[in-house]
Amino acid sequence: MSGSPPGTATMDKPPFLRLEHVDRSFLDGARPNQAIRDLSLGISEGEFVSLVGPSGCGKSTLLRILQGLIVPTSGEVLYRDTLQQGVNPDMGMVFQGFALYPWLNVYQNVSLGLVARGDPPGVIDRKVAFYIDKVGLEGYEEAYPRELSGGMKQRVGLARALCIEPAILLMDEPFSNLDALTTLTLRDEVLMLWKDPEMSVRTIVMVTHIIEEAILMSDRVVVLARRPTHVVEEIPVNLPRPRDRRDPEFDRLSDRIFSLIS
């Protein structure tokens, strides 16, 4: 595993994932509806970056463009200085709504990416066991989604994303369907996994609508405008970890981001 230790990346490092002048429009009947306009953004290896902005501004669309699930109308996505074409296999996604198959058990849901990739059964068994243990689901391999709490379902989604051993983890409002206590726990666990030297993930890009969450977790917060969205400002978060909500700088950053969004 290569790359800088998590949290050491700065905005001065050359980005290894870049959006260059990206536009994206969708057809609304016969008329194009522009969701993203001339958006450029660089993400460095080892960074934890959060995307925040008004509801419906296109944050999730932007995340899917980064992964290659949606093709820009114009502009480019470059990964390691190469034009990205199709879905990037070096990225894993954690979805807001868990996105688990209800007829598959925990083991089968976690192994989906490896099975689709054609990995040998022995490799699949080893990796699934490793990542199920990493997210705290050991002993639940045979359980089905209907038997799990919301937090456990999201742990399955996290294990599934990590199991393909991506370099970049994309998270689309991953805690928004969880209760407050579970959210606090999972935030800490994600940060622990990001720092874990046994993990392949060195870079995380998270969409969130909670400003406090972005400041607590990120090295940098990217504030997006209303549709058609573009980058309003990129705000570095230079607070020491673990972060203290009572720090006056925390409040200053929160007020700054809120004023930009509103």
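Trainee: Where is Thr229 found?

Mentor: In this predicted model, Thr229 is in the loop between strand 9 (220-224) and strand 10 (231-236).

Trainee: Which residues does Thr229 touch, not counting residues up to four places away in sequence?

Mentor: Thr229 touches Ala35, Ile36, Arg37, Leu39, Cys57 and Leu224.

Trainee: Let's take Leu83 next. What makes Leu83 count as partly exposed?

Mentor: Buried ends at 20% and exposed starts over 50%, with partly exposed in between. Leu83 has 42% relative accessibility, so Leu83 counts as partly exposed. Leu83 is found in strand 5, and touches Glu76, Val77 and Leu78, not counting residues up to four places away in sequence. Leu83 and Arg18 are 65 residues apart in sequence, yet 9.5 Å apart in space, C-alpha to C-alpha.

Trainee: What is the strand order in the open sheet of four strands?

Mentor: The order is 2-1-4-5, and the pairing is antiparallel.

Trainee: Why are strand 2 and strand 5 called edge strands?

Mentor: Strand 2 (31-43) and strand 5 (82-83) each pair on one side only.

Trainee: How do you know that strand 1 and strand 2 pair?

Mentor: Pairing needs at least two bridges. Nine bridges join strand 1 (residues 17-28) to strand 2, so these strands pair, and they run antiparallel. One detail to look for is Leu27, whose bridge partner in strand 2 is Pro32.

Trainee: What lies across these strands?

Mentor: Helix 1 (residues 59-67) lies across strand 1, strand 2 and strand 4 (74-79), running at about 120° to strand 1.

Trainee: Now the helices. At what angle do helix 4 and helix 5 pack?

Mentor: Helix 4 (residues 121-134) and helix 5 (residues 150-163) pack at about 135°, with their axes 9 Å apart. Roughly perpendicular ends at 115 degrees and roughly antiparallel means over 145. The angle falls between those limits, so helix 4 is oblique to helix 5. The crossing of helix 4 past helix 5 is right-handed.

Trainee: Which residues make that contact?

Mentor: Helix 4 brings Lys127, Val128 and Tyr131, while helix 5 brings Ala159, Leu162 and Cys163. By class, this contact has five nonpolar, no polar and one charged residues.

Technical notes: Residues numbered from 1 in each chain as written. Predicted model: local features only at pLDDT ≥ 70, side-chain atom pairs only at ≥ 80, totals over all residues. Heavy atoms only, no water. Helix = DSSP H or I, 4+ residues; strand = E, 2+ residues; numbered from the N terminus. Contact = heavy atoms within 4.5 Å. Axes fitted to C-alpha atoms, helices over the stretch in contact; angles between N-to-C directions. Parallel < 35°, antiparallel > 145°, perpendicular 65-115°, else oblique. Left-handed = near helix turned anticlockwise from the far one by under 90°. Nonpolar A, V, L, I, M, F, W, Y, C, P; charged D, E, K, R; others polar. Buried < 20%, exposed > 50% of the residue type's maximum accessible area, 1.4 Å probe, protein only.
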